[in-house]
Amino acid sequence: MTESEPDDGDEGQVLPELCDLCGAVVTDSTGLYAVVPDSSSFHAVDPLLDGKRMVVGYSREHLADLVEQCKRRPFAPAELFAGGAPVAL
C-alpha cells in the first residue's frame with residue numbers, strides 16, 4: 001500500500017454498524033431498522049428502491065427520532081431524475 005491507496009483492511013473483516021443518530025455501536029440484539037424516503041438515495045442494483053434508504057437506530061427512541069427527521073426532510077423528485085431514475089411528473 002502506498003500513501004495514495006486506501007487501506008482496505010482485512011477482506012473478511014466485518015465492520016460494526018453504528019446508530020445513525022448517535023454513532024453508538026449496534027449489535028444484533030440492539031439494532032432496529034427502518035426504510036425511510038430519501039430522494040438523494042440510489043440503489044446500486046434495483047431502481048425500484050431508488051428514493052429509499054435504510055436507517056439503523058440503537059434503540060426504539062433513536063429509530064423513532066431518525067424516522068421523524070426523515071419525514072420532515074423535503075423529498076425532491078429532481079434529485080431522483082438527476083441520478084437517472086425514471087420519475088413520474
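This is a predicted model: local features need pLDDT of at least 70, side-chain atom pairs count only at pLDDT 80 or more; totals for chains, interfaces and linings use all residues.
View 1. Phe75 lies in the loop that joins α1 to α2 (77-82). When residues up to four places away in sequence are left aside, Phe75 touches Pro37, Asp38, Ser39, Gly51 and Leu80. One of these contacts, Asp38, is 37 residues from Phe75 along the chain, and yet the two C-alpha atoms are separated by 6.5 Å.

**View 2. Helix α1 and its two faces.** The 13 residues of helix α1 (residues 60-72) should span 18 Å at 1.5 Å a residue, and the end C-alpha atoms are 19 Å apart, which agrees. Leu63, Leu66 and Cys70 are buried in α1, and because they cover an arc of only 60 degrees around the axis, they sit on the same side of the helix. An α-helix has 3.6 residues a turn, so residues three or four places apart point the same way. The face turned away from this buried side carries the exposed residues Arg60, Glu61, Lys71 and Arg72, while the cover over the buried residues of α1 includes strands β3 and β4 (52-57).

**View 3. A nonpolar patch on the surface.** Tyr33, Val35 and Met54 form this patch, and together they have about 330 Å² of accessible area. Tyr33 belongs to strand β3 (residues 32-37), and its relative accessibility of 40% means that Tyr33 counts as partly exposed.

Terms used. Residues are numbered from 1 along each chain as its sequence is written. Side-chain values use heavy atoms; hydrogens and water are left out. Patches are made of residues with over 30% relative accessible area and no salt bridge: like charges are joined within 9 Å, nonpolar side chains (Val, Leu, Ile, Met, Phe, Trp, Tyr) within 5 Å. Accessible areas come from the Shrake-Rupley method with a 1.4 Å probe; for residues, only the protein chains shown count as cover. A salt bridge is a side-chain nitrogen of Lys or Arg within 4 Å of a carboxyl oxygen of Asp or Glu. Helices (H or I, at least four residues) and strands (E, at least two) are DSSP runs, numbered from the N terminus. Buried means under 20% relative accessible area, exposed over 50%, partly exposed in between (1.4 Å probe, protein chains only). The expected span of a helix is 1.5 Å times one less than its number of residues. The arc is that of the directions from the helix axis to the C-beta atoms. Contact means heavy atoms within 4.5 Å.
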